[in-house]
Amino acid sequence: MKFVSIVIGSKSDYEVMKSCSDTLEAFGVNYEMIISSAHRSPERTKEYIVEAEKKGAQVFIAAAGMAAHLAGVLSSKTVKPIIGVPMSGSALSGIDALLSTVQMPAGMPVATVAIGKAGAINSAYLAMQILALDNEELAIKLQEDRIAKAKKVEMDSQEIETIIS
């Protein structure tokens with residue numbers, strides 16, 4: 001079974017990353033979420049990647065804060081796409097995590113999204129876009145979602161124009 005693997009660095013990341021899993025669920029995309037730290041449980045992280053690939057993981061989403069090495073560790077252990085979600089919560093409000101996630105050496109790519117909830121949601125969308133490369137049903141759902149979002153903007157705009165007139 002193909003699925004998206006969500007790896008969070010600590011329990012404190014769960015509330016934000018629930019937005020990611022909720023988004024995947026809304027589209028009927030299979031996922032699993034585990035807590036595994038690049039620093040506190042490196043062996044667990046390495047073993048999980050191998051097992052997840054055997055079970056069908058197609059894309060990995062890694063959410064971590066501060067030093068945020070989790071996405072890089074995943075990238076070093078698989079050739080599957082990695083999406084990094086920098087988490088806030090440090091004295092630098094997630095800027096440290098953003099820089100740690102995005103500044104990967106050449107040949108070790110990590111697609112990096114926004115800090116926090118917007119990044120969590122966008123990581124789900126990006127993972128689904130990757131899966132949709134060979135899943136026409138999912139591609140259609142994503143296209144329909146885009147159309148619905150565009151229509152909502154048009155409706156909101158018309159509502160504001162009516163109020164202003």
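Mentor: Helices in this chain are DSSP runs of H or I with at least four residues, strands are runs of E with at least two, and both are numbered from the N terminus. The model we are reading is a predicted one.

Trainee: What pattern does the protein chain follow when it is read along the sequence?

Mentor: Counted in that way, the protein chain has six helices and five strands, and along the sequence they follow the pattern β-α-β-α-β-α-β-α-β-α-α. The C-alpha atoms fill a box of roughly 60 × 40 × 30 Å, taken along the principal axes.

Trainee: Which residues does the annotation "domain: PurE" cover?

Mentor: The UniProt annotation, which comes from an unreviewed entry, covers residues 2-153. Over residues 2-153 the chain is 50% helix and 18% strand, with the end C-alpha atoms 33 Å apart.

Trainee: Why is S5 called buried?

Mentor: Buried means under 20% relative accessible area, and S5 has a relative accessible area of 0%, so S5 is buried. This residue has its place in strand 1, and, once its neighbours within four places in sequence are left aside, S5 is in contact with E32, Y48, A57, V59, F60 and I61.

Trainee: What makes the pair S5 and Y48 a polar contact?

Mentor: One requirement is a pair of N or O atoms within 3.5 Å, and the side chains of S5 and Y48 are joined at 2.7 Å, in a polar contact.

Trainee: Which residues does UniProt list for "binding site"?

Mentor: The unreviewed entry lists S10, D13 and R40 under that name, and the lining of the largest pocket includes S10, D13 and R40.

Trainee: How do you know that a residue such as R40 belongs to the lining of the largest pocket?

Mentor: A lining residue must have an atom within 4 Å of a point of the pocket, and R40 is included in that lining. The largest pocket is lined by 19 residues, and those that lie nearest its centre are S10, R40, A64, G65 and M66. Its volume is about 300 Å³, and by class the lining has seven nonpolar, 10 polar and two charged residues.

Trainee: Why is R40 called exposed?

Mentor: Exposed means over 50% relative accessible area, and R40 has 73%, so R40 is exposed. R40 lies in the loop between strand 2 (31-35) and helix 2 (42-55).

Trainee: Which residues line the second largest pocket?

Mentor: The lining consists of K2, F3, F27, G28, V29, N30, L131, D134, N135, E137, L138 and K141, around a volume of about 200 Å³. Helix 6 (residues 136-164) gives the largest share of this lining, with three residues.

Key
Residues numbered from 1 in each chain as written. Predicted model: local features only at pLDDT ≥ 70, side-chain atom pairs only at ≥ 80, totals over all residues. Heavy atoms only, no water. 1 Å grid on protein atoms, 1.4 Å probe; cavity = no way out; pocket = protein on both sides within 12 Å on 5 of 7 lines; lining within 4 Å. Points joined across faces, edges and corners; volume = space filled by probe spheres on them. Nonpolar A, V, L, I, M, F, W, Y, C, P; charged D, E, K, R; others polar. UniProt positions renumbered as here; feature names shortened; annotations may be inferred. Buried < 20%, exposed > 50% of the residue type's maximum accessible area, 1.4 Å probe, protein only. Polar contact = N/O pair within 3.5 Å; in protein donor to acceptor, adjacent residues only side chain to side chain. Contact = heavy atoms within 4.5 Å.
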